[in-house]
Amino acid sequence: AKNGVIYFTSGKSIYTMTAANTYPYQILQLTNNPIAIDLSYNEKNIYIASSTRIEKYNLETKKIEENATFMFADYKINLNGEFTDFTVDYKGGIYIVVEDTLENKNSATIKYYKHSSENKFALTSIYKALSTLPMKKVIDLQITNSGNMYCLNTFYHTYIHFENITVPTKMAEFPKKSEWNIEKGVGAISIDKTQLFSTPNNYEDMIFLPKNTLFLTLKECVIDKINYNFGIDAKGNFGYILNSAISYNGVTKTEGINTDMTQSAKALNINGLNIYQFPFENIVYKNGEYKDDNICGFLDKNSVVTIIDNVAVFNGEHAWQNEKIKWYKVKYTNEFEQVAEGYVRKFDIAPATTIKAPISNKKITVSATKAGEKINMYVLPDTAAGVIAQLNDSQIVYLLDDKLDLNNGFTKVKLVAENGVELQGYILTVYLSSNILTSMQISIIVICSILFVATLAITIILTIKRKSKGSSF
């Protein structure tokens, strides 16, 4: 039990229960009856001991993790009378209680298996406890926050204390932002399933990175005599990887800068342009405890920046950060009239000079649904994305595809601005019309027609009434 939540097993299921809700809530159905369970130090995982193994179940992803399966047979653990309970430390190492022989009823042994790599553990320590009470039938093993170990004896309902069996050392903190330096640049993961640790060698809180995943090193550091790179991967995950797991060969920065962008570029977003200190958006790590918007400057729309470099080019493609967000390193003049450097998202800027590329002849009309409505043109097919421009009813744009995209809700179009600059973006398809008249114009014509017909009818009726009155004399 931790933080008021009790975890327990019954049959082939694992349940939780709280003081506020005493009705058991099933969180996991197993194929076999579990022998014992243990909640991890960071309370993100439940370790489940069955007849053949100990597995880690992630409470957030609701999946069995592939990196921490402890097979009893691999370590010659005998479940027939020898294994009684286990617990897991703050780095995913497993402590197992092993009962001693009947000749010595007043002792028990705890074996510690350090989590050394994926699905691999190493027996690193053996601890013995002596007591004036019989140690047989130890049914519960616990580690306190101070690192002391206790065993519960089923016969005497008392705790046997193992002195200082595992004292959690201070977890390595993420380097401060002021210590970050990205001159090392972006590299690619060279070893498949490389561990990205939130704390070095902490198998309780880690993910696997596939080979060729791009990783931006923010600081190189040595922890416990092991070389690590602290940084961020291409999906925005912060953490530590082994220095030997990253290669900078094949990842460049300068290739292809001018293939789709001139050296000078203008801010597109109608709300202005954010300049970022590092080439990623919000900084969120340490389980959400640290948050930073990473913005170091702001420019008004149409402000000009000078592109210095790409962030990463890999396998011939502008690769950093993901399929939606690409980055450029730029120079700009800040609010203090000083030349500064930073990073901008590719979709927030456009060439400062007029694009002379031929314009598609597939004209399409912007069609508002009500009078005075402004139609947004977005940088991405998402209403939460930046707005490039706001269009009026009946304004002309040009299709970039063969037809309107009726499936995804957005259609990619070109807009020729008044200054001749061509903008590309996305408009909700419901606001586009291939008809000569827009829905707003048709509505106005229909309303006018109805008013005309109604006025004509009223005129005819009044004329008839006047004639009827005149004939009555």
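Mentor: A residue is called buried under 20% relative accessible area, exposed over 50%, and partly exposed in between, with a 1.4 Å probe and only protein chains considered. With that scale, Glu 337 counts as exposed, at 66% relative accessibility. The model is predicted: local features need pLDDT of at least 70 and side-chain atom pairs count only at pLDDT 80 or more, while totals for chains, interfaces and linings use all residues. Residues are numbered from 1 along each chain as its sequence is written, and side-chain values use heavy atoms, with hydrogens and water left out.

The part I take is strand E19, with what pairs and packs against it. Helices (H or I, at least four residues) and strands (E, at least two) are DSSP runs numbered from the N terminus. E19 covers residues 214-223 and pairs with strand E16, residues 186-189, in the antiparallel sense over 3 bridges. Two strands pair if DSSP finds at least two bridges between them.

A nonpolar core is a set of buried Ala, Val, Leu, Ile, Met, Phe, Trp, Tyr and Cys residues joined through side-chain atoms within 4.5 Å. The largest such core has 50 residues, and Leu 214 is among those with the most contacts inside it, together with Trp 180, Phe 238, Phe 280, Trp 320, Val 397 and Ile 427. E19 provides the largest share of this core, 5 residues. Another core lies apart from it and has 16 residues, including Phe 70, Ile 77, Val 98 and Phe 121.

In a regular strand the side chains alternate between the two faces of the sheet. Glu 179 and Lys 219 form one of them, at 3.0 Å from N to O. Glu 179 is in the loop between strand E15 (158-162) and E16, and Lys 219 is in E19, so this pair ties together parts that are 40 residues apart in sequence. Both ends are partly exposed: Glu 179 at 37% relative accessibility and Lys 219 with a relative accessible area of 28%. Lys 184 forms a salt bridge with Glu 220, with the closest N and O atoms 3.9 Å apart. Lys 184 is in the loop between E15 and E16 while Glu 220 belongs to E19, so the pair ties together parts that are 36 residues apart in sequence. Lys 184 is partly exposed at 42% relative accessibility, and Glu 220 is partly exposed with a relative accessible area of 44%.

Elsewhere in the chain, Arg 345 and Glu 281 meet in a salt bridge of 2.6 Å, N to O. Distant parts of the chain are linked here, 64 residues apart: Arg 345 is in strand E33, and Glu 281 is in the loop between strand E25 (273-276) and strand E26 (283-285). Arg 345 is buried because its relative accessible area is 14%, whereas Glu 281 is partly exposed at 26%. Through shared partners, salt bridges join Glu 281, Arg 345 and Asp 348 into one network. The search of the whole structure finds 6 salt bridges.

E33 spans residues 339-345, and Glu 337 sits in the loop between strand E32 (327-333) and E33. Glu 337 is not a glycine, yet its phi is positive, about 60 degrees.

Of its 473 residues, 42% count as buried. If a contact means heavy atoms within 4.5 Å, residues 24 or more positions apart account for 52% of the contacts with a separation of 6 or more.

Key
Salt bridge = Lys/Arg side-chain N within 4 Å of Asp/Glu carboxyl O.
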